[in-house]
Amino acid sequence: MPNIKDNLTALLTEIPSGVKLIVVSKMQPLMHIQEVYAAGQRRFGENRVGDLVAKQPVLPGDIEWHFIGHLQTNKVKLIAPFIHVIQSVDSLRLLREINKEAMSNDRMIDCMLQLYIATEETKFGLAFSEAKELLSSPGYRDLNNIRIVGVMGMATYTQDVSLVKKEFRMLKEYFRILLAEYFPLNPDFREISMGMSGDYRIAVESGSTMVRIGNAIFKMKNEE
Ligand SMILES: *Cc1c(COP(=O)(O)O)cnc(C)c1O
């Protein structure tokens, strides 16, 4: 059994109070999620629509669900009624679909732009130039049922601390430029979601406002 409560407490002691913790519950059984919930945690993240829509109705209604995986446009409607933040927006087409489904549910949906910062080929996300293009396009300006609340990024999976640091600093710089150019008077744009189990310390040092952590909470005792 993982020592969930102790892992969570240790993490919360370490993370500065201004940094939000998203507990990534992907692949975890309900029992484990309920244990984290019972310890007071309310923000959870999932990366697959099928898993999320199976878990959401059977878990407490005051959980804030964050979607953090690649999202296909045809699946947006399944999560639109309840999703708190979609962190992984990587195209205008997806954003328009989210807006449409938000409208049919008579609500606002908070979104983040997933920016590509890693040197690896495999990571999803917008290049910085594409993010600027999206925010400048007329098609973006008509969207009244979404709110862009920040950026999300994943660093290269590597032991090379200086590379990870460089990528996180780049994401913070991208955030700073987008804030100045597109959201100067808009307090909604405020989150830099970066940092996972393996690199959250570096992310926090680099200006993260939100970390997404799974394994460090659900790991077995003595497991790294
Ligand atoms: C799985 C995942 C995480 C959490 O990763 P851990 O290494 O388990 O902490 C964070 N962000 C995204 C986008 C993920 O897919």
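Which residues of α2 are buried? Here are some friendly notes to read beside the structure.

1. First, some ground rules. This is a predicted model, in which local features need pLDDT of at least 70, side-chain atom pairs count only at pLDDT 80 or more, and totals for chains, interfaces and linings use all residues. Residues are numbered from 1 along each chain as its sequence is written, and side-chain values use heavy atoms, leaving out hydrogens and water.

2. Back to the opening question: H32, I33, V36 and Y37 are the buried residues in α2 (buried is under 20% relative accessible area, exposed over 50%, and partly exposed in between, with a 1.4 Å probe and protein chains only). Looking down the axis of α2, you will find these buried residues within an arc of 140°, so they line one face of the helix. The arc is taken from the directions that run from the helix axis to the C-beta atoms.

3. On the face turned away from its buried side sit the exposed residues M31 and A38. After α2 comes G40, with a positive phi near 110°.

4. What do the buried residues of α2 pack against? Their partners are α1, β1 (20–24), β2 (43–46), α3 (49–55) and α10 (215–218). Contact here means heavy atoms within 4.5 Å, while helices (H or I, at least four residues) and strands (E, at least two) are DSSP runs numbered from the N terminus.

5. Helix α1 (residues 4–14) packs with helix α2 (residues 30–38) at an angle of about 45°, and their axes are 9 Å apart. That angle makes α1 oblique to α2 (under 35 degrees is roughly parallel, over 145 roughly antiparallel, 65 to 115 roughly perpendicular, and the rest oblique). From α1, the residues making the contact are I4, K5 and L8; from α2, they are H32, E35 and V36. By type, the residues of this contact are three nonpolar, one polar and two charged.

6. α1 has a buried side too, made up of I4, N7, L8 and L11. These residues cover an arc of only 95° around the axis, which puts them on the same side of α1.

7. Finally, find V161 in helix α8 (residues 161–182). V161 counts as partly exposed because its relative accessibility is 43%. V161 and D199 lie 38 residues apart in sequence and 8.5 Å apart in space, C-alpha to C-alpha.

Definitions and conventions
Axes fitted to C-alpha atoms, helices over the stretch in contact; angles between N-to-C directions. Nonpolar A, V, L, I, M, F, W, Y, C, P; charged D, E, K, R; others polar.
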